Amino acid sequence: MAVGKEILTKIRSVQNTQKITKAMQMVSTSKMRKTQERMRLARPYAEKVRLVMGHLAQTQSDHGIKLLETHRSVKRVGFILITTDKGLCGGLNANVLKKFLAQVQEYQNQGVEVEVVCLGSKGLAACQRIGLNVVASVTNLGDTPKMEMLIGALTEIFQRFEDRKLDMVHLVYSGFINTMRQEPRMEVLLPIGQNAMESSGSSSDYNWDYHYEPSPVAVLEYLVRRYLESVVYQALSDNMASEQAARMVAMKAATDNAGNAIKELRLVYNKSRQAAITTELSEIVAGAAAV
C-alpha cells in the first residue's frame, strides 16, 4: 500500500491548498466590495473638479499655466504605471504590462526617450528588469490608498513636464468594468487639453460664471494639480478594485481545480486500493487451492 499512502498524502496536500485558496477568495470578495465603494465615491469629486477647471481654462485664455500647455514636438515621454503590490490575481498585471511595453517599444523605435513613475511593486520590478528609466516609485500602498503617499512621485513627474523635460505623460492602469472583466487602459494625462478640455464643453456652453478668490488664474492653477491628482487616485482605486476582483476569480478557479484534483486522486486511490485487495484475495485463494 505504499502507492496508496503516497496518494493519500497528495490528497491531504491538495486539501490544505484548497483551504488556503478558499480563504483568499473570501477575503478578496470582502475587500472588493470596499474598493468598489471607494471607487464610486471618488468619481463625483473628480468630475466636479474637471468641470470647474474646464470652465476656467476656457474663460481664462491667457492663464500661462505650464501644465495646460501643449508641446509642439514629442521627444521625451513619461508614464505613470499602476500595478499591484501582490500577485495571485490572474493575468491582471501581465495584461497591463503588455500594453505598457508595446507603447514603450513604439516610442523607442521612434527615438523618443521614456521615463516611468511606478505605483506598485510588480510594475517596478518589471521596469527594473528591462532597464527602463524609473524616476520615482511608490510601493506597499496597502488596501486603502492614501494621497499623501503619492504626492512625492506625482510632483516629480508634473515638475518635469513643467520644466519641459517631458513632452507628454501617459497613465496606464487596469480599468474595472465588472467582477468578471477588467481591461488595461492607457490615457493621456498631460497635456490636459487632449482629454479633459474637450469633454468639458466649449466656452459658448457656459452662460454662468463664478467669483474666484484671490483670482481665477490662481484658482485654476490649484485646480489643475487637484484634477491631476484626482485622476491618478481614481485610476489607482480602479486598479485596486480590479485586483481584488481578479484575485477573487483566480482563487475561485484554484479552489474548483483543487476540488477536481481531489476527486481524481480519490478515484485513483480507490482503484489502487481495490487492485491491492483483489491481488491479496487472489493470493489467498491460490494458496488455499495449493493446500
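**A walk from E243 through the fold**

Leaving aside its neighbours within four places in sequence, E243 is in contact (heavy atoms within 4.5 Å) with T84, K86, C89 and L92. The model is predicted: local features need pLDDT of at least 70, side-chain atom pairs count only at pLDDT 80 or more, and totals for chains, interfaces and linings use all residues. Residues are numbered from 1 along each chain as its sequence is written, and side-chain values use heavy atoms, with hydrogens and water left out.

E243 sits in helix 5. Helices (H or I, at least four residues) and strands (E, at least two) are DSSP runs, numbered from the N terminus. E243 has a relative accessible area of 9%, so it is buried. Buried means under 20% relative accessible area, exposed over 50%, and partly exposed in between (1.4 Å probe, protein chains only).

Now move to N93. This residue belongs to helix 2. N93 has 10% relative accessibility and therefore counts as buried. N93 and E243 are 150 residues apart in sequence, yet 8.8 Å apart in space, C-alpha to C-alpha. Beyond its neighbours within four places in sequence, N93 is in contact with T83, T84, K86 and K122. T84 and K86 are also among the contacts of E243. The side chains of N93 and T84 are joined by a polar contact of 2.7 Å. A polar contact is a pair of N or O atoms within 3.5 Å; within protein, one must be able to donate a hydrogen and the other to accept it, and residues adjacent in sequence count only if both atoms are side-chain atoms.

Two packed helices are described by the angle between their axes and the distance between the axes. Helix 2 (residues 92-109) packs with helix 3 (residues 121-130) at an angle of about 45°, and their axes are 11 Å apart. Axes are lines fitted to C-alpha atoms, for helices over the stretch in contact, and angles run from 0 to 180 degrees between N-to-C directions. Helix 2 and helix 3 are therefore oblique to each other. Angles under 35 degrees count as roughly parallel, over 145 as roughly antiparallel, 65 to 115 as roughly perpendicular and the rest as oblique. Helix 2 contributes N93, L97, F100 and L101 to the contact, and helix 3 contributes K122, G123, A126, C127 and I130.

Most residues other than glycine have a negative phi, and most peptide bonds are trans. L88 is not a glycine, but its phi is positive, about 60°. L88 is in the loop between strand 1 (76-82) and helix 2. Its relative accessible area is 54%, so L88 is exposed. N140 has a positive phi too, near 55°. N140 lies in the loop between strand 3 (133-138) and helix 4 (147-162). With a relative accessible area of 63%, N140 is exposed.

P191 lies between strand 5 (181-190) and helix 5 (216-290).

Finally, the whole chain. There are five helices and five strands. Along the sequence they follow the pattern α-β-α-β-α-β-α-β-β-α. Of the 291 residues, 43% are buried. Among contacts with a separation of 6 or more, 77% come from residues 24 or more positions apart.
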